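User: I would like to learn how to read a few features of a model, one at a time. Could you take me through them?

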Amino acid sequence: MKKLRATAALAGATALALGASACGAGNNGDEDSSSGGDSIVVGTTDKVVSIDPAASYDNGSLMVQTQVYQYLLNFPEGETQPQPDAAEKCEFDTPTTYTCTIKDGLTFANGNPLTAKSVAHSFQRIVDIEDPNGPASLLVNMATVEAKDDKTVVFTLKTPNDQTFPQVLVTSAGPIVDEATYPADKALSDEEAVEAQGFSGPYTIGKYEKGQLAEFKAHDDYDGAYNDPKIDTVTLKTYADSNNLKLDIEKKNIDVAWRSLTPTDIESLEGADGVTVHKGAGGELRYIVFNLKTMPGADDAQKLAIRKAVASSLDRDAISEQVYKGTYVPAYSPIPEGLPGATEPFKEMYGDKPDKAAAQKFLTDAGVKAPVTINLQYNPDHYGGSSDQEYNEVKRQLEDTGLFKVDLQSAEWTTYNEERVNDSYPVYQLGWFPDFPDADNYVTPFYDKENFIGNHYEDPKMTALLAAERTEPDKAKREDLLGQVQQLAAEQISTLPLLTGAQVAVATDDVKGVENTLDAAFKFRLTSLSK
């Protein structure tokens, strides 16, 4: 969540609708908002936190940013290694300096030039603004960024030989904004960003209503890594309820449903006439996060014991099958199975089935009296319509041990995203949709110093391990370091991985190219779609 790439991050976006009659969130599907081959409507339940990259690190915002901003490097269809976008080339000059040369003649939609100064401004303001919901944590290894001239931008890194830095340029921290219209010290509102038209991606934004719709218009002057748009107008329509999203794609009132249909809806739509369920590379993760300051426990030892007892009390298989019908599967590591270096330390330490005796011993040894009251927060509208079932099942499993009493609460995404970083939630749900296809993106944002979760986790040993794995060029040695990272994460449990799932989109049969954007780069590109 982005990007919290949240499941991200991470990890949605604002949704689309053509015409005033179809722009309300939660449209009941009675009106046909589809149109000809030069326009497409995409529906989603993901919400945009901010169009301005400095103030967002979530899948909903990234969906919009992917369409309207250029990056120095990007992932074209089918690529998992970054390719030039606004840059002609990027390379290491020394182990600590990474230099990019900008293409000639690039402009923003408002006519202002896109130069190396734009790039330096874009990265520096993310660090300087340091919005609690922003992506500043991704730039932890950036010491300075400087425009040497209009074509040359130089990043100086704190740690040499950063194997992940080129991929960081493709993340939520990477969109290039117009220095003339995006202030250095504050983020723009969505309305201000649309008015400024500081966009140089394949699309610009026309009509925009926050939380309801965003109308994307093809940008004729785009010169970047993606295909030129095949569709002139794409409207992203936001739904408050996944049930209405399912009804509208089933009735073909919209052309594509992208995040998030329930597993029951997906199963039902697989048999529906005129629509196709497309599944792509996995990588989305769902977690329980512990706020190490406000969670229950009299001291650090008791808090750790409570976390271990929770880890020993959950049945991921039951959640997978009963709630998600196998569309999500158990996760026993912060790094998904299949990525180089992935292990399963949570299974090794805490088992794959509830173990009440082990949970009880953790509590007893630390002097914790049962039942432990846990205030558990979840979000009902951002991580899919099954979050309520998922967390009611978590509550049931914990309380069935007799060791916990769970006070289950929920909040809408706008409030949830603000409050989770303000110490309001002692224990809470988080989703993550990756920024780039590398194991580091599942660990550094969560466990490094000044991580984006803001749950008061910090360990010098972990920070050193993360720095080592990011800078280790030898594959075997790097995988060993990643194994140590996962082991320490399981010992400390600042986050508890629960499930991992695939990307799923449902489209009418006349929409082409959906499968081309459901690749391991985890970027939903409107430029891939045609009709």
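**Reading a loop residue and its surroundings**

Analyst: Ser 137 lies in the loop between α2 (116-129) and β6 (142-147), where helices (H or I, at least four residues) and strands (E, at least two) are DSSP runs numbered from the N terminus. This is a predicted model, in which local features need pLDDT of at least 70 and side-chain atom pairs count only at pLDDT 80 or more, while totals for chains, interfaces and linings use all residues. Residues are numbered from 1 along each chain as its sequence is written, and side-chain values use heavy atoms, with hydrogens and water left out.

User: Is Ser 137 buried or exposed?

Analyst: Buried means under 20% relative accessible area, exposed over 50%, and partly exposed in between (1.4 Å probe, protein chains only). Ser 137 counts as buried because its relative accessibility is 15%.

User: Which residues is Ser 137 in contact with, leaving aside its neighbours within four places in sequence?

Analyst: Contact means heavy atoms within 4.5 Å; on that basis Ser 137 touches Tyr 57, Glu 450, Asn 451 and Phe 452.

User: In what order do the strands of the open sheet lie?

Analyst: Two strands pair if DSSP finds at least two bridges between them. Here four strands form an open sheet in the order β4-β5-β7-β6, with antiparallel pairing, and the edge strands, β4 (87-94) and β6, each pair on one side only. Strand β5 (residues 97-102) is joined to β4 by six bridges, and Thr 94 stands opposite Thr 97 in β5.
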